[in-house]
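Let's take a walk through this structure together.

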Amino acid sequence: MSVSARELWTVIHGMAFGALFLLAFAGGLAGLYSLRPEWVTVAGLGERLTRLKFGLWAMAAIAWGTVLTGTYIVYPWYRAGDPTSPRSILLADPATAEWHRFGMEWKEHVGWIAPIAATVVAYAVSVYGSRLAHEPKIRRALIWFFVASFVAAGIAGMFGAFINKVAPVR
Amino acid sequence: MATPTQSMSEERPLPNGAVAAALLAGGIGAFAVGLMTVLAEASEAIANLLRFSGPVGPLSGKTTVAVVIWLIAWGILGVLWRGKNVDFGRVSTAAFMLLALGLLGTFPPFFVLFAAE
């Protein structure tokens, strides 16, 4: 049983970072959604906010880690010019070429929207803190930005998983 | 003893400028990702200019430029709107439109419409 360095970095990019971000989303969304004065006590709000701020900054850092490892470590192996690279393998067969032309082309670009949106949400929650409970407009806008971050990461993650199944980075 | 609602409402209101600046800058950053994707597709010369890293290719430049645009926009808006209240409805609408355009710009069936011959 062995794992090559390339396979290990692919796992770090997709599972340690990417999947962790997607899994943490539900917690962040629940935290943002429930920041309402009628639902939580002052003490509860304080405890919840500390956890939420830490969680959102951790998610933003994880999202940056995902795109940086993906773009600068894994992607060069994927797109290498030799005929054994995953990109070359996918494009060589008309039956699999769309995995690159549609899947990879979308994944490599849309993924970068996730850390930008996640950082905005983390910053806003840090600045506004408990006042967000009384600012439904701002809270709603942040929730939708957070959802956009999840959608972008989800598209990138889904195509990453499929493409690595069809033509793995080895 | 104060009720939770009373205690929280006693907090000093915070101008919304800082959050509005972050949100609009986020929209601008997302739009920049989409715009750079379209521009690199439309022009071979631009794609070559964006090859900041050889092994990564134009993706390195597209994303670096987009992140720089995002941070500059955030810095400028943050200074302009610091301590101020802005029309949050209009700002957030603009931010979401830019975000949607950014997502559209990264969608392959859309950006190949601009592909260089």
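**Starting from the core**

The largest nonpolar core holds 76 residues, and the ones with the most contacts inside it are Ile113(A), Ala117(A), Val121(A) and Leu23(B). Before you go on, remember that you're looking at a predicted model.

Which elements build this core? Those that give two or more residues are α1 (5-33), α2 (42-78), α4 (97-110), α5 (113-128) and α6 (136-166) of chain A, together with α2, α4 and α5 of chain B. The largest share, 16 residues, comes from α2(B). There's also a second, separate core of six residues, and Tyr78(A), Val169(A), Val56(B) and Leu59(B) are among them. As a bit of background, nonpolar side chains tend to be buried together in soluble globular proteins.

Now zoom in on Ala117(A). Skip its neighbours within four places in sequence, and you'll find Ala117(A) in contact with Phe145(A), Ala148(A), Ser149(A) and Ala152(A), as well as with Gly26(B) and Ala30(B).

Next, have a look at α2(B) itself. This helix has 26 residues and reaches 36 Å from its first C-alpha to its last, close to the 38 Å expected at 1.5 Å a residue. Is α2(B) largely enclosed or largely open? Of its 26 residues, 23 are buried, so α2(B) is largely enclosed by the rest of the structure.

Let's turn to where the chains touch. Chain B gives 35 residues to the contact, and chain A gives 35 residues. On the side of chain B that touches chain A, the elements giving two or more residues are α1 (4-9), α2 (17-42), α4 (58-80) and α5 (88-105) of chain B. Here α2(B) turns up again, with the largest share of that side, nine residues. Sort the residues on this side of chain B by type and you get 20 nonpolar, 14 polar and one charged.

Why does Ala95(B) count as buried? Because Ala95(B) has 26 C-beta neighbours inside 10 Å. Leaving aside neighbours within four places in sequence, Ala95(B) is in contact with Leu23(B), Leu24(B), Gly26(B) and Gly27(B). Compare that with Arg51(B): it sits 44 residues from Ala95(B) along the chain, and their C-alpha atoms are separated by 29 Å.

Now zoom out to the whole chains. Chain A has six helices and zero strands, and its C-alpha trace spans about 60 × 30 × 20 Å along its principal axes. Of its 170 residues, 44% are buried. Among contacts in chain A with a separation of 6 or more, 83% are between residues 24 or more positions apart. Chain B also has six helices and zero strands, and 42% of its 117 residues count as buried. For chain B, residues 24 or more positions apart account for 81% of the contacts with a separation of 6 or more.

Finally, how confident is the prediction? The model scores ipTM 0.93 and pTM 0.93. Chain B averages a pLDDT of 92, with 90% of the residues scoring at least 70. Residues 1-10 of chain B are another matter, as pLDDT stays under 50 there, and the model has 13 contacts beyond four places in sequence for this stretch. Where pLDDT is low, the predicted coordinates should not be read in detail.

Conventions. Residues are numbered from 1 along each chain as its sequence is written. Chains are lettered from A and ligands numbered from 1 in the order in which they are written. This is a predicted model: local features need pLDDT of at least 70, side-chain atom pairs count only at pLDDT 80 or more; totals for chains, interfaces and linings use all residues. Two residues are in contact if their C-beta atoms, placed from the backbone, lie within 7 Å. Helices (H or I, at least four residues) and strands (E, at least two) are DSSP runs, numbered from the N terminus. Ala, Val, Leu, Ile, Met, Phe, Trp, Tyr, Cys and Pro count as nonpolar, Asp, Glu, Lys and Arg as charged, and the others, Gly among them, as polar. The expected span of a helix is 1.5 Å times one less than its number of residues. A residue is buried if 20 or more other C-beta atoms lie within 10 Å of its own, exposed if 12 or fewer, and partly exposed in between; C-beta atoms are placed from the backbone. A nonpolar core is a set of buried Ala, Val, Leu, Ile, Met, Phe, Trp, Tyr and Cys residues joined through C-beta atoms within 7 Å. pLDDT is the predictor's confidence in each residue, from 0 to 100.
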